[in-house]
Amino acid sequence: FTLQPGINLGYTWIRAEDYTSASGDIMNNDAFSAFEVSPALRAIKYIGDGWFGSLNAKYVMTFRSGGNISVNTKTIEPLESDDYTEYTLSLEKYVNNFNFSANFGRRDGARYGWIGGINIKYAF
């Protein structure tokens, strides 16, 4: 059994040009930047024969700047980027240099709903 703390850091920057449609509508785009910090905790249990199970939890904090969009001086709602929590249950199997995993979980907070994924990794 292993408890594995972690932190994910990410940065996104998007620059979009202003646009004028054929009908004369003017769209103004501000540059958008976001910095994301996600502390996480993972509880991992070796099941046997190369199988691992884990419970994962992380809290995602997003700090954004810019990204305002307006059409003909009317401002459009900004991109939703509030904090949220994510919980997942994972099952992994190691075979030679391959790692196969599947996860299923839930997001609550600003982003909510069910999530899942399947991954295949190769270590060389």
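Analyst: Happy to! Let's begin with exposure: buried means under 20% relative accessible area, exposed means over 50%, and partly exposed lies in between, using a 1.4 Å probe and protein chains only. The model is predicted, so local features need pLDDT of at least 70 and side-chain atom pairs count only at pLDDT 80 or more, while totals for chains, interfaces and linings use all residues. Residues are numbered from 1 along each chain as its sequence is written, and side-chain values use heavy atoms, leaving out hydrogens and water.

User: Why is Leu-9 called exposed?

Analyst: Leu-9 has 59% relative accessibility, so it counts as exposed. Leu-9 lies in strand E1; strands are DSSP runs of at least two residues, numbered from the N terminus.

User: What makes the nonpolar surface patch?

Analyst: Ile-7, Leu-9, Tyr-11, Trp-13, Phe-35 and Phe-63 make it, with an area of about 720 Å². Patch residues have over 30% relative accessible area and no salt bridge, and nonpolar side chains (Val, Leu, Ile, Met, Phe, Trp, Tyr) are joined within 5 Å. The largest share, 4 residues, comes from E1, which spans residues 2–14.

User: How do you know that E1 and E4 pair?

Analyst: Pairing requires DSSP to find at least two bridges between the strands. E1 and E4 (residues 32–48) are joined by 13 and run antiparallel. For Gln-4, the bridge partner in E4 is Arg-42.

User: Why is the contact between Glu-92 and Arg-42 called a salt bridge?

Analyst: The term asks for a side-chain nitrogen of Lys or Arg within 4 Å of a carboxyl oxygen of Asp or Glu. Here the N to O distance is 2.3 Å, so the pair qualifies. Glu-92 lies in strand E8 (residues 84–95) and Arg-42 in E4, so the contact ties together parts 50 residues apart in sequence. Glu-92 is buried because its relative accessible area is 11%, whereas Arg-42, at 23%, is partly exposed.

User: How many salt bridges does a search of the whole structure find?

Analyst: The search finds 4. Among them is the one between Arg-107 and Glu-86, with the closest N and O atoms 2.7 Å apart.

Definitions and conventions: Patch = residues over 30% accessible without salt bridge, like charges linked within 9 Å, V, L, I, M, F, W, Y side chains within 5 Å. Areas by Shrake-Rupley, 256 points an atom, 1.4 Å probe, with all protein chains shown as cover.
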